[in-house]
Amino acid sequence: AWQATGAPNVTTCEDESRSWASLDFNEDWLELTYAEPVRPSEIVIHEVWAPGSIVKVEVKDLAGVYHVVYQASTQVRAECLRKLTIPVEGVTELVNVVRVTVDQRVRKDWNEIDAVRLSGYRK
């Protein structure tokens, strides 16, 4: 999971050991901490296997408050090597944590995440 804050490094659509995946097909989350806090403008998630199970994305501000920036009521069967781009609006606080929640119970397959990029402004 630690390498998911770096640049994407998976280029094929297959079960990939360099990607994060949960232990089983339940609902689970990946929480990433970034060294530099920003006022978020965009989050880009690189999915490399069974994409489409992301049901919620949150950012956590420096006071410890989570803000939901993406929520999906249904899962989408997406093409492999999906890049999910989430514009972030309404969060003016500095954040350095992104939490990605996946619900794999419908697809019964592991949604693997290669990288999560947090973009924003430092001031």
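Is lysine 123 buried or exposed? At 85% relative accessibility, lysine 123 counts as exposed. Buried means under 20% relative accessible area and exposed over 50%, with partly exposed in between (1.4 Å probe, protein chains only).

1. Basis. This is a predicted model, in which local features need pLDDT of at least 70, side-chain atom pairs count only at pLDDT 80 or more, and totals for chains, interfaces and linings use all residues. Residues are numbered from 1 along each chain as its sequence is written, and side-chain values use heavy atoms, with hydrogens and water left out.

2. Secondary structure. The protein has 0 helices and 6 strands. Read from the N terminus, the order is β-β-β-β-β-β. Helices (H or I, at least four residues) and strands (E, at least two) are DSSP runs, numbered from the N terminus.

3. Overall dimensions. The radius of gyration is 14 Å, close to the 14 Å that the globule rule gives for 123 residues, so the protein is as compact as a globular protein of that length. The radius is taken over C-alpha atoms, and the rule is 2.2 Å times the number of residues to the power 0.38. Along the principal axes, the C-alpha atoms fill a box of roughly 40 × 30 × 20 Å.

4. Burial and surface. Of the 123 residues, 44% are buried. The accessible surface comes to about 6,800 Å². Carbon and sulfur atoms hold 49% of that surface. Areas come from the Shrake-Rupley method with a 1.4 Å probe; for residues, only the protein chains shown count as cover.

5. Contact range. Take contacts between residues at least 6 apart in sequence: 80% of them join residues at least 24 apart. Contact means heavy atoms within 4.5 Å.

6. Charges. There are 14 positive and 19 negative charges, and their mean positions are 4 Å apart. Lys and Arg count as positive, Asp and Glu as negative; His and the chain ends are not counted. Each charge is placed at NZ of Lys, CZ of Arg, CG of Asp or CD of Glu.

7. Nonpolar core. The largest nonpolar core has 23 residues. Ile43, Ile45, Val57, Val98 and Val116 touch the most other members. Two or more residues each come from strands E1 (27-49), E2 (54-61), E4 (82-87), E5 (95-103) and E6 (112-121). E1 gives the most, with 6 residues. Such a core is a set of buried Ala, Val, Leu, Ile, Met, Phe, Trp, Tyr and Cys residues joined through side-chain atoms within 4.5 Å.

8. Valine 98. Leaving out residues up to four places away in sequence, valine 98 touches Leu30, Glu31, Leu32, Tyr34, Ile43, Val57, Glu58, Val59, Val116 and Leu118.

9. Isoleucine 86. This residue sits in strand E4. At 2% relative accessibility, isoleucine 86 counts as buried. Beyond four places in sequence, isoleucine 86 touches Ser41, Glu42, Ile43, Ile45, Val57, Val69 and Tyr70. Aspartate 24 is 62 residues from isoleucine 86 in sequence and 26 Å away, C-alpha to C-alpha.

10. Valine 88. Here the position is the loop between E4 and E5. Valine 88 is buried, at 9% relative accessibility. With neighbours within four places set aside, valine 88 is in contact with Pro40, Ser41, Glu42, Ile43 and Val69. The C-alpha atoms of valine 88 and glutamate 58 are separated by 9.9 Å, at 30 residues apart along the chain.

11. Histidine 46. Strand E1 holds this residue. Histidine 46 counts as buried at 17% relative accessibility. Its contacts, not counting residues up to four places away, are Pro8, Arg82, Lys83, Glu112, Ile113, Asp114 and Ala115. Between histidine 46 and cysteine 80, 34 residues apart along the chain, the C-alpha separation is 9.8 Å.

12. Lysine 123. The residue of the opening question lies in the segment after E6. Lysine 123 and valine 38 are 85 residues apart in sequence, yet 7.3 Å apart in space, C-alpha to C-alpha.
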